[in-house]
Amino acid sequence: MTGTAEGRPSIFPTLLYADAKAAIRQLTEALGFTELSVYEGEDGAVLHAELVQGNGAVMIGSKGRGGVFDTAMRNAGPAGVYVVVDDVDAHHRRAVDHGVEILMPPTDQDYGSRDYLARDAEGNIWSFGTYAPQTTG
């Protein structure tokens, strides 16, 4: 991921979940993300959350809160996100230990990466691997 001038990432996948709190638990406990921030509404809905992995991050929120983004995402299908990790096999074991649905076990790819695919509780596809393309010349 390329960063801004201050070294921060400039792209953040954003996913909405029917049960955002459960998604945050699965992503942190089973898939190794770190919770950076979680903002909840008075009704307990997740208004905005940021989870980090390495130098990248994903934004999470609850479906059904209203607003332009929620309305635009209402009929959106599952998303796919690729996350670079150092030790694919250890990461995979952690996911398996937490009962995450694995779609492809750790596999060496022709292009030099080792990755695996998982599906989260609401159908989003997460790829974890060693492929980290250089985004600057």
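Which residues of helix H3 (residues 88-97) are buried? They are Val-88, His-91, His-92 and Ala-95, with buried meaning under 20% relative accessible area for a 1.4 Å probe and protein chains only. Helices here are DSSP runs of H or I with at least four residues, strands are E runs of at least two, and both are numbered from the N terminus. Seen down the axis of H3, these buried residues fall within an arc of 100°, so they line one face of the helix; the arc is taken from the directions from the helix axis to the C-beta atoms.

A word on the source: this is a predicted model, where local features need pLDDT of at least 70 and side-chain atom pairs count only at pLDDT 80 or more, while totals for chains, interfaces and linings use all residues. Residues are numbered from 1 along each chain as its sequence is written, and side-chain values use heavy atoms, leaving out hydrogens and water.

What covers that buried face? The cover includes H1, E3, strand E6 (101-108), strand E7 (114-119) and strand E8 (125-129), counting contact as heavy atoms within 4.5 Å.

E2 runs antiparallel to strand E3 (residues 46-53), joined by 6 bridges, and Glu-35 stands opposite Leu-51 in E3.

Technical notes
Pairing = 2+ DSSP bridges. Buried < 20%, exposed > 50% of the residue type's maximum accessible area, 1.4 Å probe, protein only.
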